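User: I would like to learn how to read a predicted model of this kind, starting with a sheet and then turning to helix packing and chain contacts. Could you take me through it step by step?

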Amino acid sequence: MKEIKVVKINDSYYQVDMRGWMCPYPKYAIEKLIEKLPSQSCMDLLVDCPSATKDVPEVVKEKGLRVEKVILINDGEWCITICNY
Amino acid sequence: MGALSVALINREFKLRKENFLGYLMGAIGGFLMGLGTVLMPPCNVEGFWVATMAFSLSGPLAGIGLFIGAYIGGKILKIQVSKAVENIDFIKVQKAEPVLSKKHSISTFLGFIFIISLLLISLIYYYYGMPIHAGLFLFGIVFGIIFQRSRICFVAAFREITISKNGKIMKWVLISIGISAIGFAILKSKGYQPYHMVFPAGWHNIVGGLIFGIGMVLAGGCGVGILVRSGEGYTRSWMAILTGMLTSGAWTGIYKYKVEQGWLYGSPVFLPEKLGWAGAFLVIFGFLFIFYLFITWLEERKYEGN
């Protein structure tokens, strides 16, 4: 199976790269991802399917977390910033 | 093509490559969709959506199959991604350069050039005495644009009911069937093309729907959906289109009769003919109502679970 690449930007900021995972994979992954995210942290979720920019924030808000921003970073690629504080 | 041009304009186009497993999934999905299409028949949009509003018994039967199929397909996708997430450990990850955004893009510019050339092609058709081809070509482009922008997704409609316990899209699909059924009833009761969109009914609707349902979730789109996604640059959809066409093409070679004929397919059942209009209304709207209640029940269970 494909891997999900994660890098650390600083002690409380991570970047999770799910580009290449078509929808609805990111939507199904996000629930477990926010459970795993250390407390008082943020993560950038990189996706390349348009529907995820709507689906993922919906799930995140349902879980009571905060979506900082959703931005287009490249052609067909978006960055969704999620914080758990 | 229409989908490709608007995807470019909105900077949503990207050539999305897959690994071997991704292509394999696309191929299997396409194969199942091809098989499901000839069994059901036809695809999920007509087989379920249009057939139900046209009072064909095959519609609700195909719906049941699609519902179960989408559930199985969705579970497969969820298991795959869960495994990948399991392997992540935020504590252990290394510090590295994050991916940053790029500001410059010629995508929008390309998209406009593309759509202008598409319009030119249809003009060429027109001038060379093929106005019907020009019209169909234009219709295809507009259809592609609408589908790409609106993100109508029958796959998500079926899949999300059970996997995310979110039936919002499906409820709207059901309501649209109900509204359109009234229109069909008016036309058909006046004797206008009563057998239009009435398909053979039988166990093959459920089986075909089930196979198609699994296939569409693995391939990442229904019949039209994978066409739109192919325009957005999903290579998995390209694979699914290829195997899907090959499968349904090969079917006519293997199966001795034409599709919708022979021992496999039941006879078309036009409900008002069998049950009268009152009975037909009862069956179709009863089906829609029960399906609606079932979705609501599933949605409520989601909050109890938390």
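User: How many bridges join strand 2 of chain A to strand 3 of chain A?

Analyst: Five bridges join these two strands, which run parallel; in strand 3 of chain A, Asp44(A) stands opposite Gln15(A).

User: At what angle do helix 7 and helix 8 of chain B pack?

Analyst: Helix 7 (residues 154–163) and helix 8 (residues 168–189) of chain B pack at an angle of about 125°, with their axes 7 Å apart. Angles over 145 degrees would count as roughly antiparallel and 65 to 115 as roughly perpendicular, so these two helices of chain B are oblique to each other. Their crossing is left-handed, and the residues that make the contact include Phe158(B) and Ile161(B) of helix 7 and Met170(B) and Val173(B) of helix 8.

User: How many residues does the contact between the chains take from chain A and from chain B?

Analyst: The contact takes 35 residues from chain A and 35 residues from chain B. On the side of chain A that touches chain B, helix 1 of chain A gives the most, with six residues, and the residues of that side divide into 20 nonpolar, five polar and 10 charged.

Methods
Residues numbered from 1 in each chain as written. Chains lettered and ligands numbered in written order. Predicted model: local features only at pLDDT ≥ 70, side-chain atom pairs only at ≥ 80, totals over all residues. Contact = placed C-beta atoms within 7 Å. Helix = DSSP H or I, 4+ residues; strand = E, 2+ residues; numbered from the N terminus. Nonpolar A, V, L, I, M, F, W, Y, C, P; charged D, E, K, R; others polar. Pairing = 2+ DSSP bridges. Axes fitted to C-alpha atoms, helices over the stretch in contact; angles between N-to-C directions. Parallel < 35°, antiparallel > 145°, perpendicular 65-115°, else oblique. Left-handed = near helix turned anticlockwise from the far one by under 90°.
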